[in-house]
Amino acid sequence: MAAGDGHCLLDTYRSPLASRYASPEMCFLFSDRNKFRTWRQLWLWLAEAEQALGLPITDEQIQEMKSNLDNIDFKMAAEEEKKLRHDVMAHVHTFGHCCPKAAGIIHLGATSCYVGDNTDLIILRNAFDLLLPKLARVISRLADFAKEHANLPTLGFTHYQPAQLTTVGKRSCLWIQDLCIDLQNLTRVRDDLRFRGVKGTTGTQASFLQLFEGDHNKVEQLDKMVTEKAGFKRAFIVTGQTYTRKVDIEVLSVLASLGASVHKICTDIRLLANLKELEEPFEKQQIGSSAMPYKRNPMRSERCCSLARHLMGLVMDPLQTASVQWFERTLDDSANRRICLAEAFLTADTILNTLQNISEGLVVYPKVIERRIRQELPFMATENIIMAMVKAGGSRQDCHEKIRVLSQQAAAVVKQEGGDNDLIERIQADAYFSPIHSQLARLLDPSSFTGRALQQVQRFLEEEVSPLLKPYAGVMEVKVELSL
């Protein structure tokens, strides 16, 4: 509510996406000012194209519209909408009020979806243009992280149980790979967006054919001219009253998929924070808990997971909306789309800003990682020890039985007594293994258990990640500051 209406912002609900989280740029894209200013721009483009194709529209009328694109009387528009119960006609009247000479040609031949749907498509395109560089920066920051830690061994987990070793850098490449797929998907959907164009009430262009006295060529030219003015390469050839709501499904599907990627990444970070192997940035004066002063909670990653769940759920709105659009159009799409489209982009914007902040300040604790490896590596090294004993002349079966017994004893110390894994000490104390005692240090070198992790990281970053990031080279240095 405006202050002049006697209402304080603190006395009315505001979406936390706008008031707490999303960037000012993304919030502006979905603002009333941008929306209604774009409506006026579309009316101007339509009038310019109609004039160029021979309709009796004067230069004076065009100039009057140009001069008043930003002169929006929101109070008058609200009063008109309350009276007319029609938002588009309310703004036609409001625009006409400040453009009295052009009032009679504003919205000429058009239907409400000419401004409504075309504005939505312009905003969706521009919103993708805000998200894509942010996603590229997150990938770039994580690529730097992967490169720095490409050769740092760490315990792998399957089923969240200890598995073979990987490296910290290789694990982060799993995150990067998902985000690269998202970058490609967002780019594809953005580039596939088509303008609704100039189509009339049921998509047949009948009103424009009437205006141009049956000249089909001029109607097609009009559609093409307005499409080009709006910066689109293509427009739909066929529409109902609206562009097909399948487009909204495509848009929110790729954003939901991005949400799934971010949720997985931030869940991994939260689990690693619990293990004290990895932490997100924690500021000097940040408080982790009001009751427990020692806490270092991964609140940024938790925020990303929380918002990612919301983002993933939003795709159900356009799925259901598209399924119930009767014939050429029903209006039960309108209120739903006002919410879900804006919220999807504001949510995606927030999680990318937050994930960039996280990825720029990730802290790794190699000593903790090393200690966990020491706890698990002896069991993993048993196969290598057996092979070394066979090469030294021992029996594979005898060695296997010896290690099985010693492993059970070591496991009992760990699980029942809470002690450290002492399997290697037991092997060193057993004369049976004396032929390979001198080799144990080499057989237990963690780097010998990480396979081709280093080479995979290097190849992945060079062949797949770098080419994807090239178009965004000019925006990579942008930093993000979180207000909350």
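The model is predicted: local features need pLDDT of at least 70, side-chain atom pairs count only at pLDDT 80 or more, and totals for chains, interfaces and linings use all residues. Residues are numbered from 1 along each chain as its sequence is written, and side-chain values use heavy atoms, with hydrogens and water left out.

**Overall form**

The chain holds 20 helices and four strands. Helices (H or I, at least four residues) and strands (E, at least two) are DSSP runs, numbered from the N terminus. The C-alpha trace spans about 105 × 50 × 40 Å along its principal axes. The radius of gyration of the chain is 31 Å, whereas a compact globule of 484 residues would have one near 23 Å. That radius is taken over C-alpha atoms, and the globule rule is 2.2 Å times the number of residues to the power 0.38.

Of the 484 residues, 48% count as buried. Buried means under 20% relative accessible area, exposed over 50%, and partly exposed in between (1.4 Å probe, protein chains only). Contact means heavy atoms within 4.5 Å. Among contacts between residues at least 6 apart in sequence, 77% join residues at least 24 apart.

**Helix α12**

Helix α12 covers residues 299-314. Its 16 residues should span 22 Å at 1.5 Å a residue, and the end C-alpha atoms lie 23 Å apart, which agrees. The expected span is 1.5 Å times one less than the number of residues. The buried residues of α12 include Arg-300, Arg-303, Cys-304, Cys-305 and Leu-311. Their cover includes α1 (16-21), α11 (246-274), α13 (316-323) and α14 (334-359).

**Single residues**

Glu-80 sits in helix α5 (residues 74-84). With a relative accessible area of 12%, Glu-80 is buried. Leaving out residues up to four places away in sequence, Glu-80 touches Arg-85, Ala-90, His-93 and Thr-94.

Tyr-160 is not a glycine, yet its phi is positive. Gln-205 is not a glycine either, and its phi is also positive. Tyr-160 counts as partly exposed, whereas Gln-205 counts as buried.

| Residue | Phi | Loop between | Relative accessibility |
|---|---|---|---|
| Tyr-160 | about 55° | β1 (153-158) and β2 (161-167) | 40% |
| Gln-205 | about 65° | α8 (168-192) and α9 (206-211) | 16% |
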